[in-house]
Amino acid sequence: MEKKNIDWGNIGFGYMTTDYRYVAHYKNGAWDEGQLTTDSTITLNECAGVFQYAQTCFEGLKAYTTEDGHIVTFRPDLNAERMQTSAARLEMPIVPKEMFLDAVEKVVKANEAWVPPYGSGATLYIRPYMYGSSSVIGVKPAEEYEFRVLVTPVGPYFKGGAKPIVIKVSDYDRAAPNGTGHVKAGLNYAMSLHAIVTAHAEGFAENLYLDAATRTKVEETGGANFIFITKEGGLVTPKSSSILPSITRRSICYVAEHYLGMKVEEREVFFDEVPNFAECGLCGTAAVISPVGEINDHGKRICFPSGMEDMGPITKKLYDTLTGIQMGRIEAPEGWIHTIA
Ligand code: PLP
Ligand code: COI
């Protein structure tokens, strides 16, 4: 398989139009067969549910080229399950797990030439998504839907890759108690756009969102969960019913405990205790593990002892173990790696 002529080591986290995508239609209470298409455009009625009331949800996972040359995905079954939770919360139809996995596999295989080579620093980002495609004008769910999967090669989410970033405490809320913060609804990201544009304009890479009810607890950023390393070398990660249950975070907790013998706590994290931690990182499919060197709280700087030059030593161990598993250098727990080619 001849790969596309791309400077893999220098691509950012952006969209490139690849050769194939998958589309399936839901009508009269059932999904059709679904198929690959070369057409990257979508034609919909002007009053489609997605346009009027933002009825859309999505997923994000990656395909990796392993050290021995296979193409694999990482725990795609958990993305399938999370998309079902998102769909149920948004009154959308459920995409059966087999259909989700089959669609991902078909699109990755068809775009094999776009899967970045092992060691290039890039990966193939996979974006499954679903939206209300039939017209609605009164506020109600659409009757028809499309489920699609597109792929695009990506590099690091944050410029500089593994360099520590500076983030700010946001004055905006990301998710309400009993709202949609725990699902991957497009609307969560639409309402974060002003906050991220503001943060970027002020020179920060991301926002730390506090819990909306009390503004005392750490929730997550716009696109990743938090991990903190204690001075004793344990891992602490915020527990909240209004953050996205990150698959990367769940995997890191397992790796920390079972591969590295670390103490792992998933609990409420008060913002007041953040200065006591030794290291801080953001974790997610796009973020992988991105080290945070500093959190700016309205001008007050919380600087982690790990500094602004390198990833903290324990964060690095977690990063190396997680990516080692994803790239086939370290044996994975049963069922984590799905081989596509
Ligand atoms: N939190 C938010 C808001 C996200 O958008 C993402 C990205 O998917 C994550 C966390 C990380 O989740 P995952 O590790 O499943 O990619
Ligand atoms: C992902 O990590 O897959 C996401 O959806 C986060 C987004 C910021 C790109």
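Colleague: How many residues surround ligand 1?
Modeller: The closest are Tyr 189, Glu 220, Ser 246, Thr 248 and Thr 285, a neighbour having a heavy atom within 4 Å of the molecule. This is a predicted model, in which local features need pLDDT of at least 70 and side-chain atom pairs count only at pLDDT 80 or more, while totals for chains, interfaces and linings use all residues. Residues are numbered from 1 along each chain as its sequence is written, chains are lettered from A and ligands numbered from 1 in the order in which they are written, and side-chain values use heavy atoms, leaving out hydrogens and water. The number of residues surrounding ligand 1 is 16.

Colleague: Which helix and which strand each supply at least two residues of the shell around ligand 1?
Modeller: Both elements are DSSP runs numbered from the N terminus (helices: H or I, at least four residues; strands: E, at least two). The contributors are helix H6 (247-258) and strand S14 (279-284).

Colleague: What share of the area that ligand 1 exposes when taken alone does the protein bury?
Modeller: Polar side-chain atoms of Arg 82 and Lys 184 lie 2.7 Å and 2.8 Å, respectively, from an oxygen atom of ligand 1, and one of Thr 285 lies 2.6 Å from such an oxygen; a polar contact is a pair of N or O atoms within 3.5 Å. Taken alone, ligand 1 exposes 380 Å² (Shrake-Rupley method, 1.4 Å probe). The protein buries 97%.

Colleague: Why does ligand 2 lie between two domains, and which are they?
Modeller: The surrounding residues include Phe 13, Phe 58, Lys 184 and Gly 223. Domain bounds come from an automatic or database assignment. Ligand 2 lies between the two domains because both give residues to its shell: domain 1 (8-154) and domain 2 (165-326).

Colleague: How does the shell around ligand 2 divide by class?
Modeller: Asp, Glu, Lys and Arg count as charged; Ala, Val, Leu, Ile, Met, Phe, Trp, Tyr, Cys and Pro as nonpolar; the others, Gly among them, as polar. The division is five nonpolar, three polar and two charged.

Key:
Polar contact = N/O pair within 3.5 Å; in protein donor to acceptor, adjacent residues only side chain to side chain.
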